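User: I am new to this structure and would like to learn how to read it. Please take me through the features one at a time.

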Amino acid sequence: MKVGYYPGCTLKGKAKSLDDTTMLAVRLLGNELVEIPDWTCCGATTPLTETKIANLIAQTRLLAKTRDAGYEGLVTTCPFCFSTLKRANKSLRDDSLKRRRMNTYLAEDQRLRDYEIPKPAWEEYSGQVKVLHMLEWLRDEIGFEYISRAVRRPLSDLRVAPFYGCQLLRPSEDLALCDPENPVILEDFLRVIGADTLDFPARIDCCGSYLSIAKPSAALRASFRILDAARRLGADAIIVTCPLCFYNLDSAQPRMLAEFADFRTIPVLYFTQLLAFALGSPMELLGLDSHTVDPKPVLMKIKRTAGVEP
Amino acid sequence: MSQPAQRIGLFICHCGRNIADTVDVEDLARVFREEGELTVVEHYTYLCSDPGQNLILNAIKSKRLDGVVIASCSPILHEETFRAVAEAGGMNKYKVDIANIREQCSWVHDRTPETTNKAESIIRASIAKVRHSQQLQPIKSPVVKRALVIGAGVAGIQAALDIATAGIEVVLVEKNPSIGGHMAQLSETFPTFDCSQCILTPKMVEASRNPLISLYTYSEVEQVSGSMGDFHVKIREKPRYVYTDKCTSCGDCTRVCPVVVPSEFDMGLQSRKAIYIPFPQAVPAVYTLDVDNCLGLFPLACGKCRDACGAKAINYDMKPKIFEEHVGAIVVATGFDLYPMNNLGEYGYDKIADVIDGLYFERLVSASGPTLGVVRRPSDGKIPKEIVFIQCAGSREPERHKGYCSKICCMYTAKQAMLYQRRVPGGQSYIFYIDVRAGGRDYEEFYRRALDEGVIYIRGKVSKVYQEDGKIVVRGADTLAGGPVEVKADMVVLATAMEPSRGIKDTAHKLGIQCTADGWVREIHPKLRPVEAVTPGIYLAGTAQGPKDIPETVAQASGAASKVIGLLSRSEITKDPLVAVVEEEHCVGCKMCLMQCPFSAREWVEDRHVAVVNAVLCEGCGVCAAGCPSGATTQAGFTNQQIYAQLAALLYESPGMIHRTLGINDPIRPDEIAVNETDTEPVKALK
């Protein structure tokens with residue numbers, strides 16, 4: 001399947017390392033992902049609004065653009081983008097009223113754009129593009145089997161706690177990625193790249209999400225519970241997929257040191273950082289300097305024992 | 001063919017407000033009256049009530065009606081009622097037709113002119129059908145005085161015993177090696193703590209000893225044909241490789257068998273051999289060789305059991321046997337299975353050995369169980385000090401699991417918690433619940449008793465279960481205290497949902513009966529005919545129909561048995577003559593119908609070279625009538641003439657409909673006129 005890549009806003013800013021290591025890992029796997037042309041916002045939180053146009057328009061335009069560029073699928077790494085795009089796509093496929101509303105609006109919108117010459121004809125979009133999360137793409141298109149053979153730096157000494165967060169799993173009937181109560185895809189992935197994957201009870205808990213803005217103390221407690229559970233299991237690092245989880249779990253740790261007496265820091269890594277590292281990428285390319293809790297000492301442990309030079 | 005009906009009466013039912021709220025019943029009556037085609041047009045609040053039926057009866061008698069259309073609810077509900085009225089009035093009862101304007105109109109639409117128009121169309125089609133209907137006579141057929149009961153759990157056993165009490169022979173079929181069902185696995189039963197085995201095993205023995213009951217264990221119903229009063233059933237007996245009449249149940253074979261597998265009866269808590277008896281009280285008390293786990297029926301490979309058997313009861317060459325039985329009625333008592341725990345990821349079943357389901361716990365506390373009633377957890381055999389019970393595991397969760405309430409879990413969880421606390425001094429049980437549903441005599445008292453005995457009830461759902469420091473941590477919400485709650489336990493028991501027994505779809509298909517969306521066998525009417533399947537002659541007992549506890553199951557089984565006795569006590573039964581009819585002079589003998597008929601009701605007559613209809617077997621599905629290339633086969637009550645007339649009537653747009661849509665007939669209310677006048681006052685003032 002020919003797929004386009006959609007990074008989304010956060011991956012070009014705060015979570016640059018997620019974007020960089022995604023591209024790096026894909027290259028190390030001997031593949032290539034190209035960003036879809038002229039991409040815009042995925043809609044972010046607008047799907048939560050009640051307005052009938054605004055809650056779907058950004059996604060529809062993006063997905064139609066993906067189709068027009070000749071792609072059958074769209075891969076995202078950010079779980080927020082994955083969620084908004086996949087849910088919108090499903091609405092467009094299943095709900096004829098929404099489909100008609102969106103296509104009518106976008107066709108009209110196109111007609112009004114006089115500055116675009118020649119004016120392209122609007123072709124109805126009805127949810128043909130397949131929206132995939134990077135993990136899904138790695139599993140179904142690249143193949144875990146292939147990845148396991150490409151691993152150059154086995155991570156068997158690294159005890160990792162996989163953390164899913166919410167956007168990747170729920171609402172499960174729309175996203176259909178995993179059983180939301182008992183997901184497996186991240187664990188499967190981590191085992192494939194050779195990491196010692198822990199059965200992490202807090203893996204589907206809430207990281208605090210946007211409460212880190214509205215009510216930071218509540219978010220702090222939520223992320224503390226997750227980090228504490230990982231520490232008690234003896235985890236070396238927590239592996240996340242989502243920039244917001246990363247933010248809540250990583251950057252809040254200095255405050256936790258001040259608030260909770262028995263707290264000890266624990267590094268947080270994106271799954272793509274670990275993938276690129278396992279595939280043999282030098283540590284300098286992983287964007288580790290942006291982390292609040294330095295993961296280098298933990299990764300150094302691997303470097304020594306596995307005998308592969310950076 | 002008889003003369004077309006000329007004097008037709010139309011009776012429109014309001015069904016209280018069920019129809020009249022949505023369909024303009026009075027307007028319909030007015031339209032048909034003004035048309036003047038019908039002899040009688042009436043509408044009434046409840047036509048099915050006594051005065052309603054009298055209204056119809058009197059009209060038939062006084063106006064000498066020869067056709068009647070009842071516009072009311074679905075014919076499933078009251079077709080029989082109104083046919084009886086017609087017969088009492090001296091009319092042929094097959095010249096009555098039901099225009100279903102409730103289920104197919106008023107219940108599914110809003111009150112708009114179009115809804116009334118649809119009702120009018122439905123009625124017009126019915127009138128057209130009745131106008132071309134024929135005088136038909138019911139078909140009489142003899143009744144076979146034997147009954148088949150499928151499933152020999154407590155429901156099947158009770159039904160079989162009750163039917164046999166009336167002197168009627170019963171064929172009792174059970175797919176497992178022993179009868180008894182799930183009830184044989186239980187420890188004590190709520191709300192009286194009487195031992196399940198003590199009340200069930202005497203019934204099992206009684207069923208096996210009753211000379212009127214023929215028991216087929218390790219057998220399944222393979223094929224069913226025929227109809228009420230006259231079913232032909234093929235039963236497939238799986239090979240046991242042990243002669244039931246020779247086996248003395250000495251157990252010598254089990255002692256030498258080298259294959260050890262988990263025991264199904266003990267939910268894997270204990271092992272059994274490949275040749276085994278499911279439990280000591282099994283009926284019949286004979287051994288069964290489980291061919292899937294046996295080293296092979298090739299004596300050179302093993303053959304130890306055959307050598308050890310002193311009674312020479314083992315034969316490796318046994319083949320499946322097919323038995324044919326001829327019965328008049330069938331009881332479906334196929335029971336339930338538990339919803340698989342591995343669907344419930346949040347409760348950690350696949351990761352934690354000490355997360356078990358309710359049936360498993362029953363075996364743990366059962367005096368005849370593998371631990372002899374000592375509560376030991378499966379992982380290391382230690383006695384748990386704290387147990388968490390989670391109710392509604394899979395029930396009442398329409399998004400991900402089952403939407404319904406499994407009904408028995410509240411009570412059996414209370415029972416299990418009490419049993420555990422009595423067996424383990426100092427043991428503490430916690431129950432997570434959504435609601436405690438203790439409807440039933442002495443049930444609420446039973447729940448109170450659990451509270452008094454120190455069981456801790458926590459109202460809320462469990463979000464996850466995980467292991468930490470050798471304990472099982474159960475995290476959930478306490479919705480009464482309004483906060484998260486965490487219990488560290490040694491064992492977790494899930495009250496998993498009940499679901500229909502795994503093979504029910506297949507069985508239902510063979511019997512031609514309907515199931516609900518959840519897979520339970522559907523009854524013909526949930527309130528008034530709760531033990532009858534939609535197909536005549538088939539009755540329901542126990543949890544095949546929906547979640548039930550033991551008292552309810554037994555009551556329903558007796559109810560089904562009494563229905564069977566009622567049917568089989570008649571010397572003959574009558575059947576509606578709405579079957580295929582062949583005009584033999586038009587039949588070309590192509591035999592297409594013989595291939596099409598799903599009920600084997602078409603028969604070939606070689607000397608006349610025609611295919612005739614066996615009216616007793618014919619279900620009137622219409623397949624052969626539609627498929628007959630020469631048009632020789634027609635369907636009584638659904639002739640081509642009737643169907644074309646119905647179609648024409650459905651497509652006709654009457655003036656009444658047009659007026660209604662345009663609102664021409666809407667009366668102008670006096671108060672509206674008054675409003676209009678005051679509106680014009682300022683205009684007048686200006687002038």
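User: How many residues of domain 1 of chain A are in contact with residues of domain 2 of chain A?

Analyst: Some ground rules come before the count. This is a predicted model, in which local features need pLDDT of at least 70, side-chain atom pairs count only at pLDDT 80 or more, and totals for chains, interfaces and linings use all residues. Residues are numbered from 1 along each chain as its sequence is written, while chains are lettered from A and ligands numbered from 1 in the order in which they are written. Two residues are in contact if their C-beta atoms, placed from the backbone, lie within 7 Å. By that rule, 22 residues of domain 1 touch 21 residues of domain 2 in chain A.

User: Where do the two domains of chain A run?

Analyst: Domain bounds come from an automatic or database domain assignment. Here domain 1 covers 3-132 and domain 2 covers 153-306 of chain A. Their C-alpha centres are 27 Å apart.

User: Which elements of domain 1 of chain A give two or more residues to the side that touches domain 2?

Analyst: Helices (H or I, at least four residues) and strands (E, at least two) are DSSP runs, numbered from the N terminus. In chain A, the elements are helix 1 (16-28) and helix 3 (79-94). Helix 1 of chain A gives the largest share, nine residues. As for residue classes, Ala, Val, Leu, Ile, Met, Phe, Trp, Tyr, Cys and Pro count as nonpolar, Asp, Glu, Lys and Arg as charged, and the others, Gly among them, as polar. The side of domain 1 of chain A that touches domain 2 has ten nonpolar, six polar and six charged residues.

User: How many residues of chain A are in contact with chain B?

Analyst: Five residues of chain A meet five residues of chain B. The chain A side has one nonpolar, one polar and three charged residues.

User: What is the strand order in the open sheet of four strands in chain B?

Analyst: Two strands pair if DSSP finds at least two bridges between them. The order in chain B is 2-1-3-4, with parallel pairing. Strand 2 (40-44) and strand 4 (96-100) of chain B are the edges, each pairing on one side only. Strand 1 (8-13) and strand 3 (67-72) of chain B pair over five bridges. In that pair, I8(B) stands opposite G67(B).

User: Which helix of chain B packs on the sheet and touches strand 1, strand 2 and strand 3?

Analyst: Axes are lines fitted to C-alpha atoms, for helices over the stretch in contact, and angles run from 0 to 180 degrees between N-to-C directions. The helix is helix 2 (50-63) of chain B, whose direction makes about 170 degrees with that of strand 2. Helix 1 (25-35) of chain B also packs on the sheet, touching strand 1 and strand 2.

User: At what angle do helix 10 and helix 11 of chain B cross?

Analyst: Helix 10 (358-365) and helix 11 (409-423) of chain B cross at roughly 35 degrees, and their axes come within 11 Å. Residues making this contact include F361(B) of helix 10 and Y412(B) of helix 11.

User: What share of chain B counts as buried?

Analyst: A residue is buried if 20 or more other C-beta atoms lie within 10 Å of its own, exposed if 12 or fewer, and partly exposed in between; C-beta atoms are placed from the backbone. Of the 687 residues of chain B, 45% are buried. Chain B has 19 helices and 36 strands.
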